[in-house]
There are 2 protein chains.
Amino acid sequence: MSLHGDSILAVGTVAFDTIRTPFGSRERVVGGAGTYVGWASSRLVKQVGLVSVIGDDFPAEELKQMESAGMNLDGVELRKGEKSFFWSGTYHMDLNTRDTLVTDLNVLADFKPVVPASMRSAPWVMLGNIDPKLQLSVLDQMEERPKLIVLDTMNYWMDSALGDLLAVIARVDVVTINDEEARQLSGQRSLVRAARYILDLGPKYLVIKKGEHGALLFQKSDGDGLEFFSAPALPLEEVVDPTGAGDTFAGGFLGHIARCGAVDFDTLKQAVVVGSALASFTCEAFGTERIRTVSDTELMDRVETFRQLVDFAPIAVPVV
Amino acid sequence: MSLHGDSILAVGTVAFDTIRTPFGSRERVVGGAGTYVGWASSRLVKQVGLVSVIGDDFPAEELKQMESAGMNLDGVELRKGEKSFFWSGTYHMDLNTRDTLVTDLNVLADFKPVVPASMRSAPWVMLGNIDPKLQLSVLDQMEERPKLIVLDTMNYWMDSALGDLLAVIARVDVVTINDEEARQLSGQRSLVRAARYILDLGPKYLVIKKGEHGALLFQKSDGDGLEFFSAPALPLEEVVDPTGAGDTFAGGFLGHIARCGAVDFDTLKQAVVVGSALASFTCEAFGTERIRTVSDTELMDRVETFRQLVDFAPIAVPVV
C-alpha cells in the first residue's frame, strides 16, 4: 500500500451483532466500530486501512466487499480456529437506550493491534470505539504525528478504564462522545461546561453526539471562550436500528476532513454535517445494510436537506 | 384601545411563582403564562391585550411596568379580597424535569375570561397555557376569525381535559408543545409521526419545543408529506431557571409573525428563531428578571448567534 494524502488509518472491531429493536431483529449481522468507520470513510477517501482482528468465522465474501469499497485489510489479523467478536443487544422503545445481552470477546480478548509498516505514516487516524489501551498502542506505532487524530469512545471505558482513556484523550485532536458520556466524563450537567472540561484534557475539538437531537461541535477560542456549531438531526419517520450510527458519524466526519485535507473549524463544521448525514442512513436499516449502498447523489441530497432544515431568512431589528 | 394591525390578544395566567432550582430559589416572584407571553410579545408589537385574572395581592407597580411595556390590561380582572394564582415547584438537577409542590388556584378557580369589546377583532391570538375550556371561551368571544391563532398547552391538560383540549386544537392554526407532550398526545415515538398525527387534528403548523435541544417546526406539504424546520438551542453555560421559557417562546413566536403581518412557512421559521432567542434570555435568570430588560441589540445579537450556530459552507460532491 502506497499512501495517498487522504489515507485514513482506523482501529476498531470487525464483528458480528445480534440486534433486536421494536421494528424487528437480525441474527449475527456484520458490525463493529471498525466496520462502520470503514464503510463511512471509504465513501469519501481513496484508502482506509483497518486495524482489527477477526476469527475464521468471518465471511470471506464480506472481506471482499470491504476491499472493493476501498478498505485495506492488511492490518486485520485473521485468527484460525477462533471466533470473531460478538455483541448482542436489545433496544428499548425509545431507541435511545439499550440493554447488552451478550458480549463475547473471543479474538478480542488478547488482541494486540499491529499497524502494518505501510500505514504507519497515515496522515489521518481514527481511533474507533475500543479499549483505550489498544487505541494508545496504535498511536505508539505511528512513525510521525498524524495531521489529525480522532477518538471515539463510550461510557463503558469511563467506568472500566478511565486512566487509560484519559491518557489517550490527552494525545488526540478530536473527541467524539454522546451527551450523557460528556456529562459523565466531566461531572458537569451543562454541555458548555462539559465541553470546556473535556477540552482542558487536551483535545482541540470536541463533538457531542445527541442522537435524534443532532450534534454539537466545540473548539476553544481566545481566553476562556468557546466556539460552537450545532448540526440538526434529520427528523426520521422511523429509526430502524441505531447500531453503528456513532461509528458511521465518526468515519464520515474524519473522511470529510481527510478528503478536504484541511483542519480548521469551517471544515470540521462541514464534517459534522457529512457524518450526521451518513449516520442518518445507517439508522434507516439494520446493520450496514443501508450505509454500504448510499450513492453520491443520495449523500449530497441529504446534505442539502440538512442545510434547508436550518435555513431561515434574515430577520430585521424590531422597532416597536 | 383602538386596534393596530399587529395587535395581539393573549390569554394566560398572571400569577406568583415560588421556584427552587439547583442555582437558588425565589419566593413569590411574578410569573404566569400570560405574563411571560406579554413580556416577550410586547417587545415586538405595539399592543398586547392580556386576558387574565388577579387578586388584590398583585403589586400595582408590576401592573404599571407591564402597561409601560405595551400590555393593555383592560382584560385583566382584579378581584378584591382574593388571592392571585400561586404555583411552587422544584427543578431537578437536569432542569428538564420538575416537581410541583403547590398549586393554589385562588382567583383562577372560577375564572370566566372576558375579552374586552375593543379586543374582539384582534388579528393575532395567543391561547397561552391554561384550561382549554378557557381557551375555547376566548375564541368564542372573537367577533371575526383571527388571522392566526396559536395554542400553547401542556401534559396536565392531556391528562385531565383531553376532550376540551382536542376541541380547541381543532380550531387553532398553530400548536406549540414539548417533545414528550407530542409523544403523549399522539401515542407515537417518532416526532415525525407525532407531527403528522397532531396536524391531522386540525392545525396547519406544529412547533415541538425540545428545551436544550431546540425546536422543530412542521407543516403539511402535498399529499402525506411534511416540511420541517429545525432551530438549535443556544448552548448555555448555565440555565438558571427555565420557568416561563415555553411561554416566552410562544409570545416571541407570535410577536414576530404579528410584526411581519405574514403567515407563511418562511416567516414562521424566523418566528421560531426569535421565540427561541427570547426564551434563552428567560432561562438566564429567575422569573421575568432577564426577559423584561432585553434590548433590541441584545435580541438581534442573539438571533445572529443562532444563525452562526448552524451555518456551514457549501459541501462539494465526494469523488473518490
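Guide: With how the copies are related. This is a predicted model. Chain A superposes on chain B by a rotation of 180° with 0.0 Å of shift along the axis, at an RMSD of 0.0 Å. That is the relation of a two-fold axis.

Visitor: Which C-alpha of chain A is nearest the axis?

Guide: That of A:His213, 3.0 Å from the axis. The same surface serves both copies, since 98% of the contact residues of chain A recur in chain B.

Visitor: How many residues does each chain put into the contact?

Guide: Chain A gives 41 residues and chain B gives 40. On chain A, H7, strand S13 (226-231), H9 and H10 each supply at least two residues of the side that touches chain B. H10(A) gives the most, with six residues.

Visitor: What is the make-up of that side by class?

Guide: On the side of chain A that touches chain B, 24 residues are nonpolar, five are polar and 12 are charged.

Visitor: Now the interior. What is the general idea?

Guide: In soluble globular proteins, nonpolar side chains tend to be buried together. Here the largest nonpolar core holds 207 residues. Within that core, A:Val150 and B:Val150 touch the most other members.

Visitor: What does A:Val150 touch, leaving out residues up to four places away in sequence?

Guide: Its partners include A:Met126, A:Leu127, A:Val172 and A:Val174. A:Ala250, A:Phe253 and A:Leu254 are also among them.

Visitor: How do I read a single helix?

Guide: An α-helix has 3.6 residues a turn, so residues three or four places apart point the same way. Then look at burial. In H6 of chain A (residues 179-186), A:Glu181, A:Ala182, A:Arg183 and A:Leu185 are buried.

Visitor: What covers the buried residues of H6(A)?

Guide: The cover includes two helices of chain A, H4 (155-160) and H7 (191-199). It also includes strands S10 (174-178) and S11 (205-209) of that chain. Look just past the helix too: A:Gly187 takes a positive phi of about 70°.

Visitor: And a pair of helices?

Guide: Read distance, angle, hand and contacts. In chain A, the axes of H9 (residues 265-283) and H10 (residues 296-310) come within 9 Å and cross at roughly 115°. The crossing is right-handed.

Visitor: Which residues meet there?

Guide: H9(A) brings A:Val273, A:Val274, A:Ser276, A:Ala277 and A:Ser280. They meet A:Leu299, A:Arg302, A:Val303 and A:Phe306 of H10(A). By class, this contact has six nonpolar residues, two polar and one charged.

Conventions
Residues are numbered from 1 along each chain as its sequence is written. Chains are lettered from A and ligands numbered from 1 in the order in which they are written. This is a predicted model: local features need pLDDT of at least 70, side-chain atom pairs count only at pLDDT 80 or more; totals for chains, interfaces and linings use all residues. Copies are superposed by least squares on the C-alpha atoms of residues with pLDDT of at least 70 in both. Two residues are in contact if their C-beta atoms, placed from the backbone, lie within 7 Å. A nonpolar core is a set of buried Ala, Val, Leu, Ile, Met, Phe, Trp, Tyr and Cys residues joined through C-beta atoms within 7 Å. A residue is buried if 20 or more other C-beta atoms lie within 10 Å of its own, exposed if 12 or fewer, and partly exposed in between; C-beta atoms are placed from the backbone. Helices (H or I, at least four residues) and strands (E, at least two) are DSSP runs, numbered from the N terminus. Axes are lines fitted to C-alpha atoms, for helices over the stretch in contact, and angles run from 0 to 180 degrees between N-to-C directions. A crossing is left-handed if the near helix is turned anticlockwise from the far one by less than a right angle, and right-handed if clockwise. Ala, Val, Leu, Ile, Met, Phe, Trp, Tyr, Cys and Pro count as nonpolar, Asp, Glu, Lys and Arg as charged, and the others, Gly among them, as polar.
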